[in-house]
Every structure is written in structure tokens, then in C-alpha cells.
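Please look over the chain shown here before reading on.

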Amino acid sequence: MEQKGSCLIAVKGYIVGCINGTSLSQFQNTGPFLKESNIVIADSPIVKDISQLMPIKLANQSSSRKELNLVDHPGHQYRMLYVYGKMETYFKTTGITNIKTHKLGFKEMNEYIFDF
């Protein structure tokens, strides 16, 4: 997806890991997880192809970092996440930054609707 500028967008995906470094190629999908500053989502909980991943920035001191990071919450891996935030380039690919709201779903849920 080519991106120019930024916009607010709602996305959903499974939390599959985090990026342990400075590029998407340093995607980590097994614990122990080392980075609190980001998570990565995908359309399926078993995706490992980095071209199908979307990084999510967990800003310092934010509720999203406290509630979603895999260092403190490794059990969140493979859970569905619904997030509303700014779509921007992050880790040199399309990602979500500046989260406005988020909601964790459950592994067995197919759909989950929430208000922004």
C-alpha cells in the first residue's frame, strides 16, 4: 500500500508479535518479548510473512502501551485487536501511530463492534 500523508483509520487484526529493532525485518513472533514500544498485527494469527504485517506504535506513557505491550502481557499474542489511530509510515511501511482508542477481542470471536 503506497501512502502519502496520514489519516485516521480503524483496523482490526491479530496481535502476532513485535519488532525487536529498527525495521520490520526484525519481527519477533516468539517470546520472551523485549520491546514495549510496538506490536504487530496481521489478518491471521499464523501469518509470518512480513509483507502481510502492520506495526502499531505504542507511545510512551500511553494507555495503549500499558495495556497492549507483549513484554507485560504475553498472553495478548494471537488475540484480536481493534484500533483507531493515525495511519502513517512506521518502520518504513504502513502502520498505525497516535492511537485514539483500542479494544481487545478474544481468540474465539469473529466480529466485535465498538463505538469510537
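The points below describe a predicted model, grouped by topic.

**Overall fold**
- Among contacts in the chain with a separation of 6 or more, 59% link residues 24 or more positions apart.

- Strand β5 covers residues 80–90 and strand β6 covers residues 93–104.
- The two strands run antiparallel and are joined by nine bridges.
- Across this pair, Tyr82 stands opposite Lys103 in β6.
- Two residues lie between the strands of the hairpin, and Phe91 has a positive phi near 55°.
- As a general point, side chains in a regular strand alternate between the two faces of the sheet.

**Burial and surface**
- The chain has 116 residues, of which 43% count as buried.

**Cysteines**
- The structure contains zero disulfides.
- Such a bond would be a covalent link between the sulfur atoms of two cysteines.
- Cys7 has a relative accessible area of 36%, so Cys7 counts as partly exposed.
- Cys18 has a relative accessibility of 0% and therefore counts as buried, the cut-off for buried being under 20%.

Conventions. Residues are numbered from 1 along each chain as its sequence is written. This is a predicted model: local features need pLDDT of at least 70, side-chain atom pairs count only at pLDDT 80 or more; totals for chains, interfaces and linings use all residues. Side-chain values use heavy atoms; hydrogens and water are left out. Two strands pair if DSSP finds at least two bridges between them. Helices (H or I, at least four residues) and strands (E, at least two) are DSSP runs, numbered from the N terminus. Buried means under 20% relative accessible area, exposed over 50%, partly exposed in between (1.4 Å probe, protein chains only). Contact means heavy atoms within 4.5 Å. A disulfide is a pair of cysteine sulfur atoms within 2.5 Å.
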